[in-house]
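Q: Can you walk me through this one? I'd like to go over helix packing, a sheet and the chain contact.

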Amino acid sequence: MQEMDEKQFLIDKVLSAKANLDQKDTSELLSLMRHDTVNKPVVYIGSGTCGKVASADETLEAIKRYLQEKNQEAEIVQVGCIGLCSFEPIMDIQLPGKARISFRNVTQEKVEPLLDDIFNSEVPYELILGQFKSARHNAWDKVPFMNELPVFKLQHRIVLANCGICNPDSLTDYIARGGYQTYLKCIRNYTPEKICGIVEQSGLRGRGGGGYPTGEKWLTAHNVVSDQKYLVCNAAESDPGAFMDRAVIEGDPHLLLEGIAIASFAIGATKAYIYVMDEYSQAYFMLDQALSQLKEYGLTGYNIFDSGIDFKITLVRGPGAFVCGEETALINSIEGKRGMPKPKPPFPAIEGLFGKPTVVNNVETLANIPYILRHGPSRFNEIGIPEARGTKVFAVSGKAMITGLVEVPMGTKIRDIIFKIIGGVKDGKDFKAVQIGGPSGSCLPENQLDLTVGYESLWNEGAILGSGGMIVMDEDTCMVDIAKFFMNFLQKESCGKCIPCREGTRRIHEILENITRRPTGESGFEVLERFKGIMQLADLAEVIRDTSLCGLGQTAPNPLMSAMKWFREEFEEHVFDRKCKAGVCKELRLFYIDVDKCTGCVACLRKCPVNAIVGQPRQPHFIIEEKCIGCGICFDVCKFVAVKLK
Amino acid sequence: MRLLLFSQQCHNIDAKQYFCGQLTHSKDYRSMQTTLDEIIHKYKPGSREMLLPLLQDIQLEFGFLNEEAILRVGQHINLPSSKVYGIATFYDQFRFVQKGKFHIKVCCGTSCHMHGSSGILKEVERVLNIKEGQTTRDGRFSLEAVSCMGACGQAPVMNINGEFKTALTLQDIAKVIDDYRSSM
């Protein structure tokens with residue numbers, strides 16, 4: 001019953017813009033709906049995919065059990081990811097009249113003592129993350145504010161503003177935060193041209209990596225005369241190590257849907273598609289749920305709020321191919337064909353899905369739209385640098401101290417992101433490189449960290465912004481191995497349309513395999529082949545870059561070229577000295593036996609697959625280097641630490 | 001390789017029984033056909049854009065795409081079955097071999113790679129005595145290497161029937177798999 005009232009209230013008063021939202025009773029009701037003020041305790045649990053991996057489900061069960069046993073009345077809200085994946089499962093508690101307080105790494109056994117303390121108004125300091133600043137509530141003593149923590153201090157959150165804070169399951173929560181009012185304002189008061197103009201003024205550029213001005217793209221599609229136009233939201237995020245889009249969908253799905261609705265109106269599309277990876281089962285579920293809520297409220301369907309506008313969103317499950325991130329390939333995939341790119345022009349904005357004008361936008365681009373239209377283009381235009389306005393979300397992973405999501409204004413130095421926001425490299429290791437832009441991005445060494453986040457500023461240095469993966473590497477990482485890893489990924493994911501990309505990436509991978517392979521038993525001819533390959537590496541990369549059709553091929557040599565440029569000595573070490581300093585390239589490892597420590601237990605001698613170890617029982621053993629294949633079995637079996645790396 | 005496998009499925013009865021996991025005239029086979037019918041008839045005949053969702057639904061039901069399914073889908077969508085097979089092999093999601101009772105996915109994303117996932121994958125291959133993409137002979141385990149599961153914070157990770165195993169070391173693998181083996 002209460003739900004029904006809420007719905008009617010929101011539809012009649014808020015969305016129809018009939019009530020004065022500043023009126024006291026209305027604003028109080030709204031603040032209750034968005035959990036700004038609460039009547040009973042609320043427990044929030046981070047249940048995004050990263051939370052679930054860190055066993056948030058068990059924590060949730062433990063909380064439910066606790067509340068039942070202690071007969072404590074409280075509401076449980078499952079929220080998305082706040083962007084601190086290494087601190088998951090994160091649990092927040094909001095007591096009536098008190099500020100919301102956040103705890104990290106709350107595994108199931110920690111639930112009971114923690115809740116005991118909190119309900120007795122004590123703070124367990126060892127698990128504390130911070131508290132949320134709010135003018136309405138009393139702050140906790142000696143608890144740092146979230147926005148003053150070093151992680152959040154330098155961030156500027158537009159897209160992630162409500163991720164991990166609001167309830168992603170609830171449309172009432174989103175509307176109470178001012179959601180969909182911008183969309184309705186647009187369809188009531190603005191012409192599509194005006195919206196395109198506002199977006200153009202704001203300086204928003206595509207966040208998927210291409211960096212094409214969004215407003216311009218929309219205007220092109222808007223100006224084409226056609227009986228049907230489409231908007232496609234590209235949520236085919238298949239870069240390894242990038243999870244921004246998933247976090248936005250799981251944490252704040254309605255933000256994306258509102259962006260899609262506004263964009264569709266601006267270009268005159270009545271149908272929108274969201275192409276989500278099938279592996280993102282939770283994201284798909286969240287979107288599906290959000291779409292059925294929209295239907296209930298009449299925000300999609302025919303004649304939305306008596307405006308005469310029809311609009312429908314369809315979810316498409318992407319069957320998993322990296323190349324489908326390219327817009328023409330994505331369109332082919334929706335049409336039920338192989339996800340292979342097509343030559344441009346004709347651009348999709350003129351001839352796209354089913355031959356009709358289509359705008360393809362990334363999730364992050366669309367998630368910026370409600371902010372721009374709510375606050376006007378000038379406010380967005382103040383953030384960032386002239387070449388790129390607004391913010392960029394990065395998914396930081398690898399050997400970083402804090403793994404998670406970071407949203408910074410354009411123009412932030414990469415050094416600041418790594419050392420100030422995420423706290424540098426974990427385990428006290430030295431920083432070696434950072435890889436930006438997903439598998440086809442570049443590795444930047446320490447002396448390039450003063451580059452700023454932006455499109456041209458990175459392109460000029462041979463790097464790309466890409467979709468926003470950022471992988472931090474420490475001294476234990478071998479750059480040749482990383483280049484080999486990315487080339488292997490790209491040669492698997494190349495669609496096979498252009499020969500330079502299909503064959504070239506494979507050849508590069510083979511050449512890199514060759515230089516990391518142990519030279520045992522290599523004939524003179526093979527050595528010659530190996531060197532010939534290395535000498536042709538740079539030429540090959542250039543050919544792939546110049547002659548490929550789509551972004552995948554054109555950027556495919558990037559990881560290799562940047563690694564060769566900045567870490568040349570490491571490549572030379574692999575080629576000439578046949579050594580891997582980091583010890584990652586297993587086949588290049590050389591072992592020796594410390595005669596003082598060896599007891600002659602024959603364990604290694606028995607296990608050696610190539611009989612490269614000689615020696616008598618109870619006498620020190622020796623390794624014959626020419627025979628050794630570097631498998632490392634002797635190293636693993638030795639109980640006396642007598643087998644050592646050279 | 002996959003093509004070879006497929007032609008084997010088509011012509012070699014032993015292989016067919018092995019891969020499809022059922023006899024052609026058994027009760028199971030008939031019930032499989034009815035389920036297949038039900039799924040296919042949910043979709044409009046002849047519409048090309050429904051091809052991928054249809055294949056996804058079939059895979060969701062059976063765990064893999066068998067020869068029968070591809071032929072039937074081809075007839076329904078009005079597309080040569082060779083094309084249907086071509087499209088299905090293009091995408092990573094579709095499998096043509098029966099899944100094991102426990103389906104193991106090892107994450108080989110960048111972050112996991114840096115934390116040693118290639119070693120983890122080799123160790124799983126060694127323990128199960130199969131290669132990536134295969135199913136054990138007793139049908140208990142199948143192994144798949146995936147590009148990223150988005151759990152980069154807890155690398156390296158492995159997923160067994162939806163259950164995540166995080167921060168793995170080489171020594172953990174044999175124990176984890178033994179636990180599953182003994183749970184049957």
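Predicted model: local features only at pLDDT ≥ 70, side-chain atom pairs only at ≥ 80, totals over all residues.

Q: OK, so which way does α4(A) pass α5(A)?

A: In a right-handed crossing. Helices here are DSSP runs of H or I with at least four residues, strands are E runs of at least two, and both are numbered from the N terminus. α4 (residues 56-69) and α5 (residues 108-119) of chain A pack at about 35°, their axes 8 Å apart. Axes are lines fitted to C-alpha atoms, for helices over the stretch in contact, and angles run from 0 to 180 degrees between N-to-C directions.

Q: Which residues of α4(A) and α5(A) make the contact?

A: α4(A) brings Glu58(A), Thr59(A), Ala62(A), Ile63(A) and Tyr66(A), and α5(A) brings Gln108(A), Val111(A), Glu112(A) and Leu115(A). Contact means C-beta atoms, placed from the backbone, within 7 Å.

Q: Now the sheet: in what order do the five strands of chain A come?

A: β2-β1-β3-β4-β5, an open sheet with mixed pairing. Strands pair if DSSP finds at least two bridges between them. β2 (75-79) and β5 (128-131) of chain A each have a single partner strand, so one side of each lacks a neighbour in the sheet. The twist averages 20° from one strand to the next.

Q: And what does α4(A) touch there?

A: α4(A) packs on the sheet against β1 (42-46), β2 and β3 (91-94) of chain A, and its direction makes about 165° with that of β1(A).

Q: How many bridges join β4(A) to β5(A)?

A: Three, and the two strands run antiparallel. In one of them, Ile101(A) has Gln131(A) of β5(A) as its bridge partner.

Q: Switching to the chain contact, how many residues does each chain give?

A: Chain A gives 33 residues and chain B gives 28. On the chain A side, α3(A) gives the most, with three residues.

Q: Last one: how many helices and strands are in chain B?

A: Nine helices and four strands, running α-α-α-α-α-α-β-α-α-β-β-β-α from the N terminus.

Key: Residues numbered from 1 in each chain as written. Chains lettered and ligands numbered in written order. Contact = placed C-beta atoms within 7 Å. Left-handed = near helix turned anticlockwise from the far one by under 90°.
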